[in-house]
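I opened the model today to look things up one at a time. My notes follow in the order I made them.

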Amino acid sequence: MEASEEAESAAQQQNNAAQRRAEIRRRKLLLNSEQRMKKIVGFSQSDADSARVLEPRLQLDLDGMEACSSKRLSPLLSESLGSVSDEAAADERSVSPRRGLQKYLSRFDDAMKLRGQLSAEKPAQDSGGEEELDSFCLFRLVCSVALAVFVRIFVCQYLSIFAPFLTLELGFMGLHKYFPKVEKKSQTTMLTAALLLSGIPAEVISRSMDTYRKMSDVFSDLCVYFFSFITCHELLLLFGCDAS
Amino acid sequence: MAAGFNWFLVLSSVFLCNLVKTLLPSISSFLSKIFQKDADQEMEMRTEIQNMKMELSTVSMMDEFARYARLERKINKMTDQLKTLVKSRTAQQAKIKWIVNIVFYILQAALMISLILKYYAEPVTVVPSKWIAPLERLVAFPSGIAGGVGITCWLVVCNKVVAIILHAVS
């Protein structure tokens, strides 16, 4: 009889212990879930959460304790405040990696968009080829050839051939506005994509590309001019018409 | 006389290289057609699939399900075979294109290097140095002769001009 009573009491004690352990596990999970939610949601809500952290902790402690006194509350409060400040510092540290992660993700999105643009523009580039010669470009080339021939025949004995060329380029700068402006579509190339991803603003890139295009035009004019000059010189030598 | 035509030789070489470069896709496709043996088979398969599809459209699925299913299986099988064939043909074409490009670039590089080595010390043409002042040193590089037009300068100029001409023509 006594043995059965003892066995029953032992079983009851075991049940109570199991229940207590379950209760402790539940509270621990709840506590951790608040911290987890705070980390997921972010820093902006951390202040609101930090205030809420106090309450459940106090409530949990108040609920858990059978006899609670005011003495036990104040150290608990100070401990909670200290833990909140620690959490704020930890949150500040976690903000910078979070911001870095967001920055990385935004850059990744930009990279994927640029990749899509590149793949979309590649067939157009392959089929369309380079830009067509517009009227001003053609005018420049024709003027360069004409000037080269003129300089070879009349001017080169007196001064350098590059002086008239520079004058011609200055004239082109002034005449540019009288020609119809051709809207050149900015194409996304690997270079522009890499520059965009490295953080350089698009406006700076487009201005640099415009400057590069203008320099390229001047270089083309110079090459055509020099080529025409040398060819004219050689043809004159060939036909023996050189009077210089 | 030979020395007087150095400039023309370089110009012709550059022009030839650029011309062949523009014709590379045509050369690649021509060679692909020569080395391709399965072109007829592919055409036959396509025709057969087309015929079977036409036959399938005349067969009622409700009334002759077995025949319909058999025909559809045949079409699917032949379509898969055709896809495999097209894939291998495309891969072969890409390979041929790659080989042709590599060979061209090697030949072009060899030609340019040989021209540079040939005219390293002598200019392709000579003009009075005061004509090309103040850039006479740059223009004469690497020959170093005052008033001369060096091979590098002439190559750059010819490349640019030929590219512009071919672009305008094409």
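**Entry 1: the interface**

Helices (H or I, at least four residues) and strands (E, at least two) are DSSP runs, numbered from the N terminus.

I noted the ground rules next. This is a predicted model, where local features need pLDDT of at least 70 and side-chain atom pairs count only at pLDDT 80 or more, while totals for chains, interfaces and linings use all residues. Residues are numbered from 1 along each chain as its sequence is written, chains are lettered from A and ligands numbered from 1 in the order in which they are written, and side-chain values use heavy atoms, with hydrogens and water left out.

Back to the interface. I counted 25 residues of chain B in contact (heavy atoms within 4.5 Å) with 25 residues of chain A. The area buried between the two chains is about 2,000 Å². Buried area is the accessible area (1.4 Å probe) that two parts lose on being put together, summed over both. Carbon and sulfur atoms give 79% of that area. Between chain B and chain A there are 0 salt bridges.

**Entry 2: chain A**

I found 7 helices and 0 strands in chain A. Of its 244 residues, 23% are buried. Buried means under 20% relative accessible area, exposed over 50%, and partly exposed in between (1.4 Å probe, protein chains only).

I picked A:Ser144, in helix α4 (residues 135-155). Is A:Ser144 buried or exposed? A:Ser144 is buried, with a relative accessible area of 0%. Leaving out residues up to four places away in sequence, A:Ser144 touches A:Leu168, A:Phe172, A:Asp221, A:Val224 and A:Tyr225.

**Entry 3: salt bridges**

I counted 10 salt bridges over all chains. A salt bridge is a side-chain nitrogen of Lys or Arg within 4 Å of a carboxyl oxygen of Asp or Glu.

A:Arg140 forms one with A:Glu169, with the closest N and O atoms 3.1 Å apart. This pair links distant parts of the chain, 29 residues apart: A:Arg140 is in helix α4 and A:Glu169 in helix α5 (residues 162-175). A:Arg140 is buried at 9%, and A:Glu169 is buried at 6%.

A:Arg26 and A:Glu23 also meet in a salt bridge (2.6 Å, N to O). Both lie in helix α1 (residues 2-41), 3 residues apart, about one turn of the helix. A:Arg26 is partly exposed at 44%, and A:Glu23 is partly exposed at 29%. A:Glu23, A:Arg26 and A:Arg27 are linked in a network of salt bridges.

For B:Cys153, the nearest cysteine sulfur, that of A:Cys223, is 7.8 Å away.

Notes
A disulfide is a pair of cysteine sulfur atoms within 2.5 Å.
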